[in-house]
Amino acid sequence: MNHPLIEQILSGSGLLYFVLGLLVLATLLVRGLSNDAHVRRRCLFLVGLLVLFALLEITLAWIPEELAGFVTRPDGGRAPGLVPHPAYQVVSVVLLIVGLLALLLLAMITLVDFLLVRRLHFEIPNILRDATVFTFFFVGVLLILYYRTDLNVTGLFTTSAVISVVIGLALQDTLGNVFSGLALQTERSFNVGDWVRFGDREGVVADISWRATKLRTRENDLVIIPNNVISKDTLVNYSAPTRIHAVRELVGVHYRHPPADVIAALAEAADQTEGVLKRPLVDIRTLQFGDFSITYEVKYWIKDYADVEDIKNAFMTRVWYAFSRRAIEIPFPIRNLYLHQVTPETERAREEADDERIYQYLRRVDLFDALSQEEVRGLAARARVEKFYAGETVLTQGALGDSLYIIDQGLVEVIVSHDGRSERLAQLGPRAFFGEMALLTGAERSATVIALKPTHFFVIDREAFRNTLEGNPRIAERISETLAQRERQREATLAALHEAAARSVDEEKSQILSKIRDFFGFRETEET
Ligand code: CMP
């Protein structure tokens, strides 16, 4: 086939198309491998430019020689001669500009994205790279226009003062944003991924561009704030200077409770809340004697501001449970006066109703099968209610204790630990009991019990139990049976933990020994 277009491609331009093809493939590969959205976008843009470049190249090759201003030399080659047709000139200038842009983009992907950022871990603000590319591009285009066209490029600068003023005024805001953006990025006041508050908006910085900074709020909305607005106002960066952040909570408590009790309950709630750092220490202060309550301030630390809402929720929920266990009252500000007459009779009636509920429940607990109705009633009258939230520790292995717990509602887990290793012994639900070992033997708590769900218990103390035991020794037999079974299982589990710990000590010993041998170049001595 002797089509002039194919001939042009084959003669001289073949290598160029080959290189273009390779570049397109390489760029697509990089795009496929990269997980940075910016790099992926740049790669796609580069592929577009390379394809456009190839198309323009084909167009140029296709323009007849007379228009291109070439003459055919006697040896068959082409030589510049006549003045080219304006159409040819335009296409060739566009081609050069597209080529320049592709080259700059290629340099940015290879030198900046790959070498500086990925390899050398050197963060370069987006705006800075764009500004650099833009400057190179601007100068390049001027040079192309200067050398390849008859335009008076220098004149453009001198005669366009009025136009510059007009454009400058029109772009005033945009330019303001650009320069503010540049300042923000070079100052590094915040980075993508930081949690910030600006005015009444709070969110994580999703992107910082030429014009604006984008925040993603907790409601998953995007807030777009122009850069020059940000630079004029106060911005709080929760992720700087470090990511750890202090949370302050105010809690109001009834006047009748001594601060020491309230502070202990708040400290326990903070200690049990997942996500509250152990260090820096939690700081609790008696802050104010208010109209209807004493206000306490709890200041605790968390690892990352992103989790603040979940941790606040977990902490406040635990405060309620910790207060409920200690019968600490959180008053509420009622201004209307409701007259509620509390007489000894009404109070007694309320207590009796509570006792009746506990009695009805305890009657259905297997453990108390052997007791008469009167004995169960006696126990119910002495039982108290305790409530724990999911994740809270009810009993701690090794602690002293003298109470028996009967689960009213919820679920707990019994765990035994040895030498830093733990094993689950059981999960217990409604009507199951625990805490009998320390109660009956006076020993330390043999295991740790943790609430898996919000759990309510009826708690019976040793004194109350002693009376029942004396009156009905059969109950001791019933408990001993369970106690013996549990103890056997606990000891078997403990033995397995002991063994695992001993094994790991042996392993560690032999590892250290072999390190020492390696270091001094000894060989293992053989027994003779
Ligand atoms: P106590 O030692 O007072 O405190 C921890 C409690 O965990 C213990 O009483 C038992 O009630 C309970 N416990 C111990 N071992 C087991 C087991 N193997 N299965 C179920 N509960 C157990």
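Trainee: Among contacts in the chain between residues at least 6 apart in sequence, what share joins residues at least 24 apart?

Mentor: Start with the term: a contact means heavy atoms within 4.5 Å. Here, of the contacts between residues at least 6 apart in sequence, 68% join residues at least 24 apart. Keep in mind that this is a predicted model, where local features need pLDDT of at least 70 and side-chain atom pairs count only at pLDDT 80 or more, while totals for chains, interfaces and linings use all residues. Residues are numbered from 1 along each chain as its sequence is written, and side-chain values use heavy atoms, with hydrogens and water left out.

Trainee: How many helices and strands are there in the chain?

Mentor: Both are DSSP runs, numbered from the N terminus: helices are H or I with at least four residues, strands are E with at least two. This chain has 17 helices and 18 strands.

Trainee: Which strands pair with β13?

Mentor: Two strands pair if DSSP finds at least two bridges between them. Strand β13, residues 403-409, pairs with β18, residues 455-461, in the antiparallel sense over six bridges; Ile 407 has Phe 457 of β18 as its bridge partner. β13 is also joined by two bridges to β16, residues 433-434, again antiparallel, and there Tyr 405 stands opposite Phe 434.

Trainee: How many residues of β13 are buried?

Mentor: Buried means under 20% relative accessible area, exposed over 50%, and partly exposed in between, with a 1.4 Å probe and protein chains only. In β13, six of the seven residues are buried. Across the chain of 528 residues, buried ones make up 36%.

Trainee: Now the ligand: which residues are closest to it?

Mentor: A residue is near a molecule if one of its heavy atoms lies within 4 Å of it. Here 15 residues surround the ligand, and the closest are Gly 435, Glu 436, Arg 445, Ser 446 and Gln 489. β15 (421-428), α15 (436-441) and α17 (474-520) each supply at least two residues of this shell.
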